[in-house]
Every structure is written in C-alpha cells, then in structure tokens.
Amino acid sequence: RSPGFERALVLGEQSDGLEVIPRPGADVRQRNVSTVLDARRGIGAPATLDITTRYGGALADSMRPLFQGGMMEQRQTDYASYIARYYSTAKVREPLVVNDDRERNVLEVRERYTLASAFAANNEGVLELVLHPDELYNYAEPLGAGSRQAPLWLEYPVPVRQAAACWPASSASA
C-alpha cells in the first residue's frame with residue numbers, strides 16, 4: 001500500500017530536491033468475483049453455486065502464498081466454512097481449482113458448491129432467494145467505537161467488482 005505521500009527526498013548525487021512519488025495504478029490490487037447460482041431444477045430441489053474469483057496485480061501476489069505448500073485441504077475447509085455463513089446448506093461439489101497466470105499476474109480461484117435448496121423460508125414463512133454481495137460487506141460495516149488517536153486511513157479507490165447471476169426456478173415448477 002502506498003501511504004499517499006506525494007514527494008520524497010531521494011539521497012544520491014543525481015537528485016537535488018524532492019522527487020514526485022508516482023501513484024499506483026487503479027488495477028494494482030484488483031479483485032473480480034463472479035457468482036452464479038443455478039436453481040433451475042425447482043424451488044425445493046438442490047441448486048448449484050459457482051464462484052470464480054480473479055485476483056490481479058499486487059493482490060494476486062499477496063494471495064499466492066495461501067495456495068502454496070500443500071495447504072489446499074485447509075484452504076478448501078476455510079472457503080467452505082466462509083460460504084456456509086451465507087448459504088447454510090452449502091456442500092463442496094468439486095475441490096477448489098487454482099489457476100496461476102504469472103505472466104499476466106492473475107490468480108484465479110474457482111469454488112463449486114451444491115445447496116440443498118436455493119430458497120429458504122423467511123420469518124413469515126415466505127420462500128426467498130438471497131444473493132449475498134459478500135465482497136462489499138467489509139466496506140459497509142461500522143468502523144468501531146472508541147476515541148481515535150490517529151487519522152483514519154481507508155483504501156481508495158476500492159477496486160472490488162462482484163457480479164452475481166441467478167438461474168431461477170421457472171414458474172411452472174413453483
């Protein structure tokens with residue numbers, strides 16, 4: 001992360017004053033998430049949930065160590081536990097697939113789950129289908145209480161993109 005300084009004093013014979021510090025490009029820490037929920041088999045039938053996350057730039061570099069060194073079983077467990085917070089009936093359908101394109105500096109993680117049903121009854125007993133934009137939740141949470149002793153630093157812009165698609169049950173199967 002760049003602290004946002006605009007200039008620096010470079011020590012050396014070629015510099016005679018403050019030098020401009022270039023700002024990182026907008027795609028330095030990019031994350032694109034595609035979520036597809038397929039409930040075409042019907043309201044009470046099992047559904048599938050497929051999530052593909054592409055990390056680019058510095059974010060790809062920081063994510064790579066998580067998928068190296070034979071820790072894939074633990075990563076699979078972590079990912080499954082995370083998704084179960086939003087979709088309680090989610091079960092792993094296929095193992096995590098990680099594709100690392102170092103030439104383009106893109107790391108892609110594919111998750112595949114089965115849901116007992118995409119629909120769940122709400123407090124009134126009405127069946128609902130909820131797609132969670134979980135990538136954005138962290139940016140909407142309160143920052144916490146207490147008195148601040150230092151300035152608040154937030155990353156800006158936040159280069160997160162999450163797209164969701166749902167193949168709903170047809171009205172004939174409802």
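This is a predicted model: local features need pLDDT of at least 70, side-chain atom pairs count only at pLDDT 80 or more; totals for chains, interfaces and linings use all residues.
**Reading burial, contacts and a helix**

Modeller: Tyr82 is partly exposed, with a relative accessible area of 29%. Residues are numbered from 1 along each chain as its sequence is written, and side-chain values use heavy atoms, with hydrogens and water left out.

Biologist: How many helices and strands does the chain have?

Modeller: Helices (H or I, at least four residues) and strands (E, at least two) are DSSP runs, numbered from the N terminus. By that rule the chain has 3 helices and 9 strands. Their order from the N terminus is β-β-β-β-α-α-β-β-β-β-α-β.

Biologist: What share of the chain is buried?

Modeller: Of the 174 residues in the chain, 26% are buried. The accessible surface, from the Shrake-Rupley method with a 1.4 Å probe and, for residues, only the protein chains shown as cover, comes to about 12,000 Å². Carbon and sulfur atoms account for 53% of that surface.

Biologist: Which residues have the most contacts inside the largest nonpolar core?

Modeller: In soluble globular proteins, nonpolar side chains tend to be buried together. A nonpolar core is a set of buried Ala, Val, Leu, Ile, Met, Phe, Trp, Tyr and Cys residues joined through side-chain atoms within 4.5 Å. The largest one here has 22 residues, and Leu37, Leu49, Tyr55 and Tyr79 have the most contacts inside it. At least two residues of this core come from each of strand 3 (29-38), strand 4 (47-57), helix 1 (58-63), helix 2 (72-84) and strand 6 (106-115).

Biologist: Which residues does Tyr79 touch, not counting residues up to four places away in sequence?

Modeller: Contact means heavy atoms within 4.5 Å. On that count Tyr79 touches Tyr55, Met63, Phe67, Leu96, Val109, Glu111 and Tyr113.

Biologist: Which residues of helix 2 are buried?

Modeller: An α-helix has 3.6 residues a turn, so residues three or four places apart point the same way. In helix 2 the buried residues are Arg75, Gln76, Tyr79 and Ile83. They lie on the same side of helix 2, because they cover an arc of only 100° around the axis, taken from the directions from the helix axis to the C-beta atoms. Their cover includes strand 4, helix 1, strand 5 (91-101) and strand 6.

Biologist: What span should the 13 residues of helix 2 have?

Modeller: The expected span of a helix is 1.5 Å times one less than its number of residues. For helix 2 this gives 18 Å, and its end C-alpha atoms are 18 Å apart, which agrees.

Biologist: Is Glu111 buried or exposed?

Modeller: Glu111, in strand 6, is buried at 7% relative accessibility. Leaving out residues up to four places away in sequence, Glu111 touches Leu49, Asp50, Ile51, Thr53, Tyr79 and Leu96.

Biologist: Is Arg102 buried or exposed?

Modeller: Arg102 is exposed, with a relative accessible area of 53%. Arg102 sits in the loop between strand 5 and strand 6 and, neighbours within four places aside, is in contact with Arg64 and Gln68. Asn105 is found in that loop too, and has a positive phi of about 55° although it is not a glycine.

Note on methods. Buried means under 20% relative accessible area, exposed over 50%, partly exposed in between (1.4 Å probe, protein chains only).
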